[in-house]
Amino acid sequence: MTLPNFLIIGAAKGGTTSLYYYLDQHPQVYMSPVKEPRFFALEDEDLNFCSPDELFVENSILDFGDYCQLFEGATNEVAIGEASPLYLYSTKAPSRIKHYIPDIKLIAILRDPVDRAYSSYMHYVREGYEQCSFAKALAVEEQRIHENWVYMWYYKRCGYYHEQIKRYLDTFDASQIKICLYDDLKANTPLFLQDIFSFLNVDSSFVPDLSVLNASGVPKSRLLYNFLDRGNPARTMLKVLPHDLRRAIAKPLRKWNLEKPTLPPEVGNDLRSVYRDDILKLQDLIDRDLSSWLLVS
């Protein structure tokens, strides 16, 4: 039985998808074929969420045997892992991870919580699920939590990192946890990856394809977005074309079709004031300068 020896635990919308694909390219790294199994947060849970994004349930793995099967394809890789951003937010995940894999290595990427909240909101706008303005969505968040919506809809709640990180530091030795900043990933991706590769004890000189993976924004044309990114018969027919050609055609179309609305300054500033105390406590906990997260527009 093979289990992972490292996990990317979050945060959601903090670069975990990009890191998953960069690591998946490394010849000494095996990543689970299901990107977000969420097993340690949802094991044996009754997933009766009320939110409209039903794919969350379909893609979650709740059974230990099914989880182990994700890693049957691993051979002689040095690092074996998966990426489930829910683990950082989950109160149950640290103890469950400790129970199954006490010597695990953990990677967390923290993003400015205001930017992270808005990015999470825009994700659901792009997918056609979120109908509220950002301000309204923040106002109804507690109601959504009470009604048991999926955690990704907790735009504000998920950004209180201090308690989330502290749970892991209270459960695992600090040497097992790599706490990174999204700003560093964006500022110098190769250097960021070298640091991650060294943490995982794999060849740090390896350079993956750093092409942007997730285009962000709101579709100008919902029809074109669905054609490019959702399953449909016409898209299936295009699979007769070589993968590189399909990608070369789709990439500029995706970029053209997505526009990026800006965060309303007054909403962002109000949210930043809400996070201020948590940011200051987190700054002391992880010994990183987070002053840029406190700047108002």
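**Exercise 1.** In which sense do strand 4 and strand 5 pair, and over how many bridges?

*Solution.* The model is predicted: local features need pLDDT of at least 70, side-chain atom pairs count only at pLDDT 80 or more, and totals for chains, interfaces and linings use all residues. Residues are numbered from 1 along each chain as its sequence is written, and side-chain values use heavy atoms, with hydrogens and water left out.

Step 1. Strands (E, at least two residues) and helices (H or I, at least four) are DSSP runs, numbered from the N terminus; two strands pair if DSSP finds at least two bridges between them.

Step 2. Strand 4 (residues 105–110) pairs with strand 5 in the parallel sense, over five bridges. Ile109 has Cys180 in strand 5 as its bridge partner.

**Exercise 2.** Determine the place of strand 5 in the sheet.

*Solution.* Step 1. The open sheet has five strands in the order 2-3-1-4-5, with parallel pairing.

Step 2. Strand 5 (177–181) is an edge strand, as is strand 2 (29–31); each pairs on one side only.

**Exercise 3.** Describe how helix 10 packs against helix 16.

*Solution.* Step 1. Helix 10 (residues 161–171) and helix 16 (residues 265–286) have axes 8 Å apart, at an angle of about 30°. Axes are lines fitted to C-alpha atoms, for helices over the stretch in contact, and angles run from 0 to 180 degrees between N-to-C directions.

Step 2. Helix 10 is therefore roughly parallel to helix 16, since angles under 35 degrees count as roughly parallel, over 145 as roughly antiparallel, 65 to 115 as roughly perpendicular and the rest as oblique.
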